[in-house]
Amino acid sequence: MGIELAGSRPPRCTLVNVQTAESIDCLFNPTQLSEKVQVNWNRLTVPGLSHQVLQFQSTGNRQLPSVEFYLDKFFAAEQPGNPDILAFRGFLRALTVPPGGTEGVPATAPPRALFIWPGVLTIETVLTELEFQYKQFGVDGAALVYTATASFEEILDVRVTSEERREES
């Protein structure tokens, strides 16, 4: 590692609202990331056979459970542009409800989110769970430090093959 890289920040995780193309950078990258996939099998019972026969049914959507984002107003004040930590909260909340002006069952769903973490993962998702924990407040009652714990689930519009998954970085 060269001296020029010693003081640089790693690429930050970014969330993009697919419908509006609005994006927001994470103040800090999550400290850990879990990627979960469920493989579904039908268990067939054959009378007299000593075991169950497994028949492939489907693969579940990839999930990113409990991704924790840390927001700190003191740290944000030292960053270029002095990002508003409550704007991140608003961005996530907007991913939990349908946008205004939508009608009909297919259109009345919350927007999709593109989860981009350079060099780690890029995945189109929906937000499935969201929790905020407020850790520190100012004398005026404003949140100064909080965490947002969000769970994401991949949403696909096309069939994915084993070979395609192998080629993903």
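This report describes strands, a surface patch and salt bridges in one predicted model.

Residues are numbered from 1 along each chain as its sequence is written, and side-chain values use heavy atoms, with hydrogens and water left out. Because the model is predicted, local features need pLDDT of at least 70 and side-chain atom pairs count only at pLDDT 80 or more, while totals for chains, interfaces and linings use all residues.

Helices (H or I, at least four residues) and strands (E, at least two) are DSSP runs, numbered from the N terminus. Strand 1 covers residues 14–17. Thr-14 and Val-16 point one way from this strand, Leu-15 and Asn-17 point the other way, and all are buried. Buried means under 20% relative accessible area, exposed means over 50%, and partly exposed lies in between (1.4 Å probe, protein chains only).

Two strands pair if DSSP finds at least two bridges between them. Strand 1 pairs with strand 2 in the antiparallel sense over three bridges, and Leu-15 has Ile-24 of strand 2 as its bridge partner. These two strands form a hairpin with five residues between them. In the turn, Ala-21 has a positive phi of about 65°. Strand 1 also pairs with strand 6 (residues 113–117), in the antiparallel sense over four bridges. Here Val-16 stands opposite Leu-114.

Val-37, Val-39, Trp-41, Leu-54 and Phe-56 form a nonpolar patch on the surface, with about 470 Å² of accessible area together. Strand 3 (39–45) and strand 4 (52–59) are the elements that give two or more residues to the patch. Patches are made of residues with over 30% relative accessible area and no salt bridge; like charges are joined within 9 Å, and nonpolar side chains (Val, Leu, Ile, Met, Phe, Trp, Tyr) within 5 Å. Accessible areas come from the Shrake-Rupley method with a 1.4 Å probe, and for residues only the protein chains shown count as cover.

Val-37 is found in the loop between strand 2 (23–25) and strand 3. With a relative accessible area of 43%, Val-37 is partly exposed.

Asn-40 belongs to strand 3 and counts as buried, at 18% relative accessibility. Leaving aside neighbours within four places in sequence, Asn-40 is in contact (heavy atoms within 4.5 Å) with Phe-56, Gln-57, Ser-58, Thr-59 and Gly-60. The C-alpha atoms of Asn-40 and Ser-50 are separated by 21 Å, the two residues being 10 residues apart along the chain.

**Salt bridges**

Side chains of opposite charge can pair when their charged atoms come close. A salt bridge is a side-chain nitrogen of Lys or Arg within 4 Å of a carboxyl oxygen of Asp or Glu. The structure holds seven salt bridges, including those in the table.

| Salt bridge | Closest N and O atoms |
|---|---|
| Arg-62 and Glu-168 | 3.3 Å |
| Arg-112 and Glu-124 | 3.2 Å |
| Glu-154 and Arg-165 | 2.9 Å |

Arg-62 lies in the loop between strand 4 and strand 5 (63–72) and Glu-168 in the segment after helix 4 (162–167), so this pair ties together parts that are 106 residues apart in sequence. Arg-62 counts as buried, at 7% relative accessibility, whereas Glu-168 counts as partly exposed, at 38%.

Glu-154 lies in strand 8 (residues 143–154) and Arg-165 in helix 4, so their pair ties together parts that are 11 residues apart in sequence. Glu-154 counts as buried at 5% relative accessibility, and Arg-165 as partly exposed at 28%. Salt bridges that share partners join Glu-35, Arg-62, Glu-154, Arg-165 and Glu-168 into one network.
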